[in-house]
Amino acid sequence: MKFRANLYIGGAFFATAVIVGVLAPVIATHDPVFDANLMNAELPPGWEYPFGTDAQGRDIYSRVVHGARISLTVGLVAQCINSIIGVSLGLTAGYWGGWWDDLVSGLTNLMLAIPSLIFALAIMAILGPGLVSLLIALGLTSWSYSCRLARAQVLSLKSQGYVQAAKILGYSDLRIMFTQLLPNILGPLIVIATLGAGGSILAEAALSFLGLGIRPPYPSWGSMLSDAREQITTAPWLSIFPGLAIFITVLGLNLLGDGLRDILDPQSRERTS
Amino acid sequence: MAEADQTPLLAIDNLAVHYPIGGTFRGPRRVLKAVDGIALTVAPGECLGLVGESGCGKSTLAMTIMGLVPPTHGRIRIADQEISAAKKADHMHLARTVQMVFQDPYASLNPRQTVRRTLADPLRLHGIGNKTEVEHRVADIMAKVGLRPEQADRYPHEFSGGQRQRIGIARALILRPRLVLCDEPVSALDVSIRAQIINLLLELKDDLGLSYVMISHDLGVVEHVSDRVAVMYLGRIVERGGWREIFEDPRHPYTRALIAAIPDAFRRRAVAGQKARGEIPSALAPPPGCHFHTRCPLAADQCRSDVPLLEPVAPGHLAACHFRDRATSLHGELVEP
Amino acid sequence: MSAPLLEVENLSIALSQGGKSYKAVEDVSFAIASGETLGLVGESGCGKSITALAVMGLLRQPLSLGGGRITLDGGDIHNLPPAKLRQLRGKRIAMIFQEPMTALNPLSTVGRQIAEMFVLHAGAGWSEATDRTVDALRQVHVPSPERRVKDFPHQLSGGMRQRVMIAIALACSPDLLIADEPTTALDVTVQAEIVDLMQELCAAKGTAILMISHDLGLVANMCRRVAVMYAGRIVEQQAADEIFERPQHPYTRGLIASLPRLGARIVHGRQRLQEISGVVPAITAFPAGCRFRPRCQRATDICQSNDPPPTPLPEDGLVRCHHHG
């Protein structure tokens, strides 16, 4: 078995982000929101504040650590919503075909034609900022990739003998989709979902940067960047550390996705015969 | 073979399956007559061999019997159930009467399911037995098809082609059906493995009192396993009868061409005049009259205009050929009886 | 027998997989005289197709020549520079495959693909080549060849495509035609026609045929001599009539006895088919000693310890078995 660098490095980056997020209350040295002290405003990195402090004197390290919770939650939950919508639509469209397939395919193409961030912006504008609206906005706007992939995979699998055999054995359509088709298309879907989670984290950052994400006192990496843009030359640490956090997490997810593709791709798997 | 006085297990009556091809944007609308007016019966305990080449409709016929393709008209009666254009198949009910063995042992098993799951799930779905009974039936059917009990927790990729086909057969038999459709069950297997599977199918038929529809293009296999044989060409049955009549005294030139086409070291020079000429016409545009006339060594004017009906040449032996009553010599010239 | 056209001596082909090297083909020798037909019969994985690739000089990673010599008219094929080898293929050795759709260029008309052969190998101009193409299609009994030259491969039926492949292969009247399962993807009645066509054309052009198939009946019907391969070795080689009448190797005997032969039930009634137990071994797990031993009813201790050497049979035949006959 060859050494899969992208899988391990990506996994390590992503795992670090997750662990940091989970342990945030333990490893944070200050309260990320209420420990404001204007006397300490915009201190550069040092012993007391390893990543420095922001304009209100809050510890950036603690805010990045706590921000991981929000960014990861948004990224993962939004992608879960996307995957569930995309896979259910793709699976049923591919399997049933007919007018349902035409409808789903049309909707997918429509979604692909609209830039998903603009779409999410519109939803956010209607729902107003906040965690829940962020999850809804991001969870409803980029399911088309999973949907297309699931549909294409199902189209190639549904004429296989084992799917026909299941029909002949009396399996219902739903049972066939869940027990016969889904397990066999899960690999590529996981890859797409991993890459999509990275995309959602970036989208969250973009929306928060535009002021439409998490409400101000609570730290998300995007909103921290947004707050820092005035001081990008005078206090660069304000933007560098949340930026780095986004970079490492998204890079980690993308590498992980590539690594998983190598493992889960049926063509690279050995066929014993 | 006392099949005459029994009610048939499978009765197919004037069955047709037509597919519309094309339409508004895809050129003129045409109709593909995959199955075009077929009547067949299979008695309990009987094996019907179904022979034909690509495009003859044998796979569509199989799918229709399995309830996967609705008939355009005509009807199929299987035991106490009926499938017709008006009446869709009830899969849960049908599943316990008729099952299928597939050609490709690689594509016909779910790669993510163990043998045990493949065999036990249908039992649970149909509410057959409690946990121990399910275990018992899985072990029992595995033993019957020649698999060892410890192989139950393995995945399909851990088995060879022949063993996979045994798993496929076990899956077809787990609900104890009365009729099994075998769609080219050995043609995807290694030559040295085929005899194992053919013998197994015949043993199971006798042990469990099964009926088979054996779909194959391999006449050697069909002759070996069948009680009766039906030959299909472009959606129609051109000849049917007992295996002995079909192979000893074939009356349709297409049946004779099929037999003549089998390479066999012992009959190498006997059959030159009986081979079919040219290619099989497209099922979308079959020739008028007798579908076979374009390739037939006996074709006459009548064959180009009149559709020959499937009529008896002897009790239980029918052929759809205008010249069915005339025997031919080995070299294909017509000989008066 | 005159000096052979093609001679394969002690051919070995190595398969490298997972850092290890396996012998996919070992110690295979056969010869084909010009105009002769030799059948190479075996199951999937026995090495028959890669033997053909080796003869064409087409072995690619993970396969490589492990030893032995392949000579055409006395000249070693594997010492030829790539340019010479390319010239040899198509002009002196041609090949047809099981699935003609994968061997034909889908973006080019069949007429152009045949004409290319005349231009490349016979030095003809395009207009002359086009005329000869129509003749070539007529020779393979394609109806209305003047129209068919303009067709693309997907417009033809499987049988027609295989006819086109034969036309391409035989365009330059090669000395040797290698046919790898040429009729397996075709219907039985069409198969019979294609086999007749190959025989007829090769006899007319004096082309020798190496026919590769899993179908012993087909090969015995078509070829003068038959070599049976099992697990990378030729286990028996005899005249076609002999191999059916008096098979010497237990594997050959098993194969012949295990197949339901048309007409057998009429004569003998239904008898249980003789089975060959076990499975075909994978290339990575060939058994030691005689490779058929685990499936052989006659196997004894010597079969496990000693590899059976080739034993000569009358008329240039051979068998590899300690207990043949």
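**Figure 1. Strand E8 of chain C is mostly covered in this predicted model.** The strand spans residues 208-213, and six of its six residues are buried. A residue counts as buried here if 20 or more other C-beta atoms lie within 10 Å of its own.

**Figure 2. The side chains of E8(C) point two ways.** In a regular strand the side chains alternate between the two faces of the sheet. C:Ala208, C:Leu210 and C:Ile212 point one way from E8(C). C:Ile209, C:Met211 and C:Ser213 point the other way, and both sets are buried.

**Figure 3. Strand E3 of chain C pairs with E8(C).** E3(C) covers residues 37-41 and pairs with E8(C) over five bridges, in the parallel sense. C:Val41 stands opposite C:Ser213 of E8(C).

**Figure 4. Strand E7 of chain C also runs parallel to E8(C).** E7(C) consists of residues 176-180 and is joined to E8(C) by five bridges. Here C:Ala179 stands opposite C:Met211. Which helix belongs to the β-α-β unit with these two strands? Helix H8 of chain C, residues 188-205, makes a right-handed β-α-β unit with E7(C) and E8(C).

Methods. Residues are numbered from 1 along each chain as its sequence is written. Chains are lettered from A and ligands numbered from 1 in the order in which they are written. This is a predicted model: local features need pLDDT of at least 70, side-chain atom pairs count only at pLDDT 80 or more; totals for chains, interfaces and linings use all residues. A residue is buried if 20 or more other C-beta atoms lie within 10 Å of its own, exposed if 12 or fewer, and partly exposed in between; C-beta atoms are placed from the backbone. Helices (H or I, at least four residues) and strands (E, at least two) are DSSP runs, numbered from the N terminus. Two strands pair if DSSP finds at least two bridges between them. A crossover is right-handed if, with the strands pointing away from the viewer, the path from the first strand over the helix to the second runs clockwise.
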